[in-house]
Amino acid sequence: MRKKILITGAILGCLAVILGAFGAHGLKKILTLDQIASFETGVRYQMYHSLLLLFVGATAFISPKMQKLIYVFILWGIILFSGSIYLLATNDSTAFDFKTIGFITPIGGTLLIIGWIILIVSFFKLKMDKIS
């Protein structure tokens, strides 16, 4: 599971860099400043949570069960939160009206928060003799 978490974190981090560059350069002439700012928010949150996955996969301080839970919540949170922001930011440039899926953005955000809460709980359960 740890390898899967690390690979996923690295892939999502790489995609965040690619999407960030695409947003800054490729979409500059297509989107408004507000739409670009929204797109960048999706990229920023994707990168933050990619780094979180790398930490979760690399540390021995989190039990495998908690790692898996964090992985699932963060992965789906990124997909729903950042993914919906990307679609909503580029809505005017597509034939499909992505505003109909706008309700999934807060669901994704909630999943990200739950992932962080699971991390906090796992730290509270941490035995101090493991750290020394």
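**Figure 1. The crossing of helices α1 and α3 in this predicted model is left-handed.** A crossing is called left-handed if the near helix is turned anticlockwise from the far one by less than a right angle, and right-handed if clockwise. Helices, like strands, are DSSP runs numbered from the N terminus, with at least four residues (H or I) for a helix and at least two (E) for a strand. Helix α1 covers residues 2–26, and its axis lies 11 Å from that of α3, at an angle of about 20 degrees; here axes are lines fitted to C-alpha atoms, for helices over the stretch in contact, and angles run from 0 to 180 degrees between N-to-C directions. The two helices α1 and α3 are therefore roughly parallel to each other, given that angles under 35 degrees count as roughly parallel, over 145 as roughly antiparallel, 65 to 115 as roughly perpendicular and the rest as oblique. On the α1 side the contact is made by R2, K4, I5, T8, L12 and L19, and on the α3 side by Q67, Y71, L75, I78 and Y86, where contact means heavy atoms within 4.5 Å. By class, this contact of α1 with α3 has seven nonpolar, two polar and two charged residues; Ala, Val, Leu, Ile, Met, Phe, Trp, Tyr, Cys and Pro count as nonpolar, Asp, Glu, Lys and Arg as charged, and the others, Gly among them, as polar.

**Figure 2. Helices α3 and α4 also pass each other in a left-handed crossing.** Their axes come within 7 Å and cross at roughly 155 degrees, and α3 and α4 are therefore roughly antiparallel to each other. The residues of this contact of α3 with α4 divide into 20 nonpolar, seven polar and no charged.

**Figure 3. The buried residues of helix α4 are covered by parts of the chain that include α2 and α3.** Buried means under 20% relative accessible area, exposed means over 50%, and partly exposed lies in between (1.4 Å probe, protein chains only). Among the buried residues of α4 are I104, G108, L111, L112, I118 and L119. The 21 residues of α4 (104–124) should span 30 Å at 1.5 Å a residue, which agrees with the 30 Å between its end C-alpha atoms; the expected span is 1.5 Å times one less than the number of residues.

**Figure 4. The buried residues of helix α2 pack against α1, α3 and α4.** They include I36, F39, V43, H49, L52, L53 and V56. With 26 residues, α2 reaches 37 Å from its first C-alpha to its last, close to the 38 Å expected at 1.5 Å a residue.

**Figure 5. Residue T59 is found in the loop between α2 (33–58) and α3 (64–89).** T59 has a relative accessible area of 8% and is therefore buried. Not counting residues up to four places away in sequence, T59 touches R2 and Q67.

**Figure 6. Residue F123 lies in helix α4.** F123 counts as partly exposed because its relative accessibility is 36%. Leaving aside neighbours within four places in sequence, F123 is in contact with F55 and I62.

**Notes to all views.** Residues are numbered from 1 along each chain as its sequence is written, and side-chain values use heavy atoms, with hydrogens and water left out. Since the model is predicted, local features need pLDDT of at least 70 and side-chain atom pairs count only at pLDDT 80 or more, while totals for chains, interfaces and linings use all residues.
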